[in-house]
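Here is a briefing for a reader who is meeting this structure for the first time. Please look over the sequence and the model before going on to the notes below.

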Number of protein chains: 2
Amino acid sequence: MSRVLIIGAGGVASVTVKKCARLPQHFDEIYLASRTVSKCEALQQEVGADRVKGVFAVDADNAKEVEALINEVKPDLVINLALPYQDLPIMDACLATNTDYLDTANYEPKDEAKFEYSWQWAYQDKFKDAGIMALLGSGFDPGVTNVYTAYAAKHYFDEIHYLDIVDCNGGDHGQAFATNFNPEINIREITQRGRYWENGEWKETDPLSVREDLDYQNIGVRASYLMFHEELESIVKHFPTLKRARFWMTFGDAYLNHLRVLEGIGMTSIEPVEFQGQKIVPLEFLKAVLPNPGSLAEGYSGMTCIGTYITGIKDGKEKTIFIYNNCDHAKCNEEVGAQAVSYTTGVPAMIGAALMLNGTWKEAGVWNMEQFDPDPFMEMLNEHGLPWHVLECESSPFTK
Amino acid sequence: MSRVLIIGAGGVASVTVKKCARLPQHFDEIYLASRTVSKCEALQQEVGADRVKGVFAVDADNAKEVEALINEVKPDLVINLALPYQDLPIMDACLATNTDYLDTANYEPKDEAKFEYSWQWAYQDKFKDAGIMALLGSGFDPGVTNVYTAYAAKHYFDEIHYLDIVDCNGGDHGQAFATNFNPEINIREITQRGRYWENGEWKETDPLSVREDLDYQNIGVRASYLMFHEELESIVKHFPTLKRARFWMTFGDAYLNHLRVLEGIGMTSIEPVEFQGQKIVPLEFLKAVLPNPGSLAEGYSGMTCIGTYITGIKDGKEKTIFIYNNCDHAKCNEEVGAQAVSYTTGVPAMIGAALMLNGTWKEAGVWNMEQFDPDPFMEMLNEHGLPWHVLECESSPFTK
């Protein structure tokens with residue numbers, strides 16, 4: 001008998017909850033908590049009280065409050081789908097209650113746009129000593145992209161040398177400007193300086209200054225921009241043969257124009273400004289005027305294509321493969337009332353949780369996705385809505 | 001002996017105060033009031049306590065508070081350089097205390113972007129009965145452009161038929177995006193639908209949808225967009241021979257791009273949005289992140305060119321003239337520490353006030369600028385930093 005506590009009730013959480021609800025063999029009892037309990041209640045009503053057994057209000061910034069909640073629910077696993085700022089208080093609460101932990105994005109301090117695993121990796125000994133497990137970054141990217149890398153290294157190469165993760169949203173939501181997940185988190189991430197791994201060190205680029213025009217399966221050619229993404233940090237650590245590791249994301253001209261205007265006038269800043277006697281963070285206010293990403297699903301057409309190009313050596317010869325998934329916005333909406341960006345994050349969270357609960361991926365300590373056997377995860381991706389394909393490429397598509 | 005009370009302490013007020021301070025023959029005693037008294041104190045310190053005799057904090061939204069202030073200062077004239085929202089409370093306070101009134105922009109209700117004189121014209125009988133005078137719109141546009149029209153009608157034509165007011169800021173302040181006066185007021189104005197007078201009725205256009213490329217003296221060709229501007233309303237009323245009256249303002253592509261992005265995502269809206277449990281008007285928050293227009297003066301280069309094209313009949317023949325002023329941002333900064341947009345509004349406010357105080361323009365009631373003899377005003381423009389020129393044109397430069 002297994003019991004999960006899911007913290008968070010946004011677009012991603014809604015997908016994870018609905019997917020877990022359909023799999024009683026993995027998830028006997030589901031409990032939901034979020035700052036706004038009405039969002040949990042709405043989800044419970046949609047999914048059914050036989051599957052979502054209870055809902056709670058919780059301030060996930062407050063470790064003591066989360067600890068009390070865990071003591072009340074007594075889950076086998078906490079699935080953290082709240083904000084990245086809240087990873088550490090939730091990990092603290094798991095430690096205090098000897099409870100396993102899973103998240104989909106690494107911790108960020110709220111007052112600094114800094115993306116690295118140092119804070120969470122620092123929990124390694126504590127989790128090990130307590131005999132509990134934390135699985136970090138079980139979304140799509142990070143998450144599935146890490147598993148793709150492990151899968152390629154296991155089945156296709158003797159040694160991997162070059163890694164390029166590509167993330168293309170070829171969808172159209174019909175809005176002037178909207179982010180596909182929490183605008184605050186999204187804009188913090190893409191306005192930072194670019195960073196990639198080469199020959200044993202990190203190299204920096206100006207934000208979105210390096211571009212490749214790449215051809216995406218079932219979408220076409222899209223301008224793709226080099227940026228830092230958190231899985232690079234763990235992947236280069238766990239695959240030390242990599243000579244270079246980069247991450248690319250597609251952005252349309254209209255999106256970039258909006259971003260540059262908003263950044264140029266200071267609306268994406270996380271430095272508070274004086275407003276009518278109070279201090280307000282411009283990026284937080286911007287979030288309030290932009291569409292809620294959860295609201296984009298209706299009428300969203302087109303597909304995402306996210307995957308990993310890997311070049312390496314097999315039997316003495318160099319070769320390149322591309323492992324990828326296409327995810328259709330409209331089909332996701334039909335299945336679970338969500339757009340593909342929520343879906344591609346929410347499903348892997350469910351899969352990671354299922355593998356932890358059934359003991360397939362189970363070891364005390366703090367782990368990244370590529371550290372476990374990729375095969376059972378890859379199998380579940382095919383079964384639960386995120387089928388993948390492997391292309392053998394004639395050559396790498398990158399000109400730089 | 002004359003005494004003025006100036007309400008407001010922004011960029012325009014700073015120009016008016018400094019100009020008045022240099023003319024003791026017109027302004028014996030100057031008093032300043034604003035919501036933020038520290039701004040008045042700073043101006044007093046700059047100009048000298050011998051000229052600015054006293055400073056006060058006042059909430060100009062509150063007619064009773066303004067009335068008490070007027071009773072304390074006992075000015076001969078109140079110069080209102082506060083926000084357009086505050087015209088009516090200040091007029092009420094003038095009525096209650098039998099004090100003359102001058103402003104530079106017509107009343108706007110705060111919750112509606114509506115630009116018309118109806119509210120202020122409704123005070124006509126009350127001001128007449130009280131034997132006091134209100135001079136409306138004594139800035140550049142409205143203000144000088146109205147006087148240009150009256151001057152042309154008096155000296156150059158038997159009958160005027162076509163009027164086109166053009167407002168070009170050919171300056172460069174080096175900022176990604178900034179408005180040259182209060183961003184809230186500026187953006188409310190330029191995002192509204194276009195409107196012009198033709199054959200006895202108002203015609204509407206989509207916002208900034210009608211464009212002419214016009215050649216501005218000492219600046220060059222600039223894209224100019226048809227928009228409504230408040231002086232059109234009073235000018236077509238007082239010059240009923242006009243067959244058409246339009247207003248054009250220049251905007252650069254980068255400015256329009258910023259405006260469209262901000263409007264598209266709702267940042268220019270005056271409808272409050274929910275933010276952390278309170279209601280905040282996006283346009284007011286935008287104002288807080290944009291540069292203070294007063295801060296643009298330093299390093300602002302280039303000129304403005306604002307003027308009036310008039311086509312009409314003289315001695316049976318059709319002809320067109322252009323009356324205009326060029327104003328240099330850097331020279332304004334050198335003279336009074338302000339940019340040209342503040343300067344071109346602040347100087348005419350001083351001139352209107354001087355003409356009222358010395359009895360040249362003096363009649364009980366509520367008046368627009370074009371209703372008085374333009375000659376003394378035109379003369380003072382030449383003397384006080386805003387010299388004008390009359391060009392006889394071979395033909396109208398407008399293609400539409």
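A nonpolar core is a set of buried Ala, Val, Leu, Ile, Met, Phe, Trp, Tyr and Cys residues joined through side-chain atoms within 4.5 Å, where buried means under 20% relative accessible area, exposed means over 50%, and partly exposed lies in between (1.4 Å probe, protein chains only). In the largest nonpolar core, which has 196 residues, Phe285(A) and Phe285(B) touch the most other members. This is a predicted model, in which local features need pLDDT of at least 70 and side-chain atom pairs count only at pLDDT 80 or more, while totals for chains, interfaces and linings use all residues. Residues are numbered from 1 along each chain as its sequence is written, chains are lettered from A and ligands numbered from 1 in the order in which they are written, and side-chain values use heavy atoms, with hydrogens and water left out.

**The seven-stranded sheet of chain A**

- Helices (H or I, at least four residues) and strands (E, at least two) are DSSP runs, numbered from the N terminus, and two strands pair if DSSP finds at least two bridges between them.
- Seven strands of chain A form an open sheet in the order S3-S2-S1-S4-S5-S6-S17, and their pairing is parallel.
- The edges of this sheet are strand S3 (52-57) and strand S17 (365-368) of chain A, each of which pairs on one side only, and the twist averages 15° from one strand to the next.
- Strand S1 (residues 3-7) and strand S2 (residues 29-34) of chain A run parallel and are joined by five bridges, with Val4(A) standing opposite Ile30(A) in S2(A).
- Helix H2 (residues 37-47) of chain A packs on the sheet and touches S2 and S3 of chain A, its direction making about 170° with that of S3(A); axes are lines fitted to C-alpha atoms, for helices over the stretch in contact, and angles run from 0 to 180 degrees between N-to-C directions.
- Helix H13 (residues 340-357) of chain A also packs on the sheet, where it touches S1, strand S4 (77-80), strand S5 (100-103) and strand S6 (133-136) of chain A, and its direction makes about 160° with that of S5(A).
- Gly359(A) lies in the loop between H13 and S17 of chain A, and Gly359(A) counts as partly exposed because its relative accessibility is 43%.

**The seven-stranded sheet of chain B**

- In chain B, seven strands form an open sheet with parallel pairing, in the order S3-S2-S1-S4-S5-S6-S17.
- Strand S3 (52-57) and strand S17 (365-368) are the edge strands in chain B, each pairing on one side only, and the twist averages 15° from one strand to the next.
- Strand S4 (residues 77-80) and strand S5 (residues 100-103) of chain B run parallel and are joined by four bridges, and Val78(B) stands opposite Tyr101(B) in S5(B).
- Strand S6 (residues 133-136) of chain B pairs with S17(B) in the parallel sense over four bridges, and the bridge partner of Leu135(B) in S17(B) is Trp367(B).
- Both faces of S17(B) are covered, with Gly365(B) and Trp367(B) buried on one side and Val366(B) and Asn368(B) buried on the other.
- Helix H3 (residues 63-73) of chain B lies across strand S1 (3-7), strand S2 (29-34), S3 and S4 of chain B, running at about 155° to S1(B).

- S8(B) pairs with strand S9 (residues 201-205) of chain B in the antiparallel sense over five bridges, and the bridge partner of Gly194(B) in S9(B) is Thr205(B).
- The hairpin of S8(B) and S9(B) has two residues between the strands, and in this hairpin Asn199(B) takes a positive phi near 50°.
- S8(B) also pairs with strand S12 (residues 244-250) of chain B, in the antiparallel sense over two bridges, and the bridge partner of Trp197(B) in S12(B) is Ala245(B).

Notes:
Contact means heavy atoms within 4.5 Å.
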